[in-house]
Amino acid sequence: MRFHQDNAKDEAATIWSVKHGEPHVAVAAVARRFSVTFSGLVLRWTVFTDMALRAVLKSSAGALLESCLKARSCGSASLSGPRAGCVAGVFAALPPVRQYARGAKTVKKTVPQSQLSDLPPTMLKMDYSAVPLAQTTDDVVKRLLSLELGCHTDKLKLKTEQLIAKVQRDENDHSSVEVRVAILTARIRNYQEHLQKHPKDKANKRRMLMAIDRRKKHLKNLRLVHYEAFERVCEQLGITYTFPPEYYRWATRRWLAKKAFCIKVFKEVQKQKAEKRLQMKQSVASKETEAAKAQ
């Protein structure tokens, strides 16, 4: 209540001083009003006071009153953010206090197609595919026994059986090297799909690497024993066989220097042996010529 009374008194004092030609009273009243309204903002108080003094020096009492009213309306509009000039030549547009960063654009990662995507949802589960009664039952029961309502394990079992059927030697083959490679291939691809969604799963990553090493040993053995079967397995399962590296150790500076020194020593030894062989050949040839002359 007292705040509004003080504002009314300051307005009356400002109007009276302008009418009677006493601008310094108007300046004091304006400065007092802004200091009361925005207490604590010393910088703003000084800006408004300088504005009023410049208006007093440059214009008459009427121009002073107009500038003071404009300054009041501009100052009470907002306490934060950029402000345009209230009076021509007095205020300038202030730069923004802070440049807010734009949100980063999220790049969608392309997820490769799953190995289980080619299985139709109407296909029966592996446990019920050989049951003749499941083929003639109604649609509701078929849906319950199909892959549409099956879990991930049921789909993986069916996919494994499909890969085994591609490479097995006969219908009763369930333990050959080709079948084991097919089982490991289905398992490895399942681990790869899981790790793309959960890259921090270290336990499954370790199991995947162990399965890859096991499959690599089977393929290496199959390549040495039966090369035609090896090519057929790689073609049917879509496996790209890469040869193991020549060395399984890190190429450090010390190892490279030692290797270069061993190669140099080996070449020198071979050179000395070649010279000895040449000398022996020459000595044998000289002995044969001497024996021929003696005869």
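Start with Tyr241: in this predicted model, its relative accessible area is 19%, so it counts as buried, the cut-off being under 20%.

For Phe230 and Tyr241, the centres are 5.2 Å apart and the planes sit at 90°, so you're looking at an edge-to-face pair. Follow the chain and you'll see that this pair links distant parts of it: Phe230 belongs to helix α10 (residues 227-237), while Tyr241 is in the loop between α10 and α11 (253-294), 11 residues apart.

Tyr241 has another ring partner, Phe243. That pair is edge-to-face as well, with 5.6 Å from centre to centre and 80° between the planes. Is Phe243 buried or exposed? At 55% relative accessibility, Phe243 is over the 50% cut-off, so it counts as exposed. Step back, and the ring pairs join Tyr227, Phe230, Tyr241 and Phe243 into a cluster. Searching the whole structure turns up 3 aromatic pairs.

Now hop over to Ser176, which you'll find in the loop between α7 (152-167) and α8 (177-197). With a relative accessibility of 8%, Ser176 is under the 20% cut-off and so counts as buried. What does its side chain touch? Another runs from the Ser176 side chain to the side chain of Glu178, at 3.4 Å.

Methods:
Residues numbered from 1 in each chain as written. Predicted model: local features only at pLDDT ≥ 70, side-chain atom pairs only at ≥ 80, totals over all residues. Heavy atoms only, no water. Phe/Tyr/Trp six-rings, centres within 6.5 Å; stacked < 30°, edge-to-face > 60°. Helix = DSSP H or I, 4+ residues; strand = E, 2+ residues; numbered from the N terminus. Buried < 20%, exposed > 50% of the residue type's maximum accessible area, 1.4 Å probe, protein only. Polar contact = N/O pair within 3.5 Å; in protein donor to acceptor, adjacent residues only side chain to side chain.
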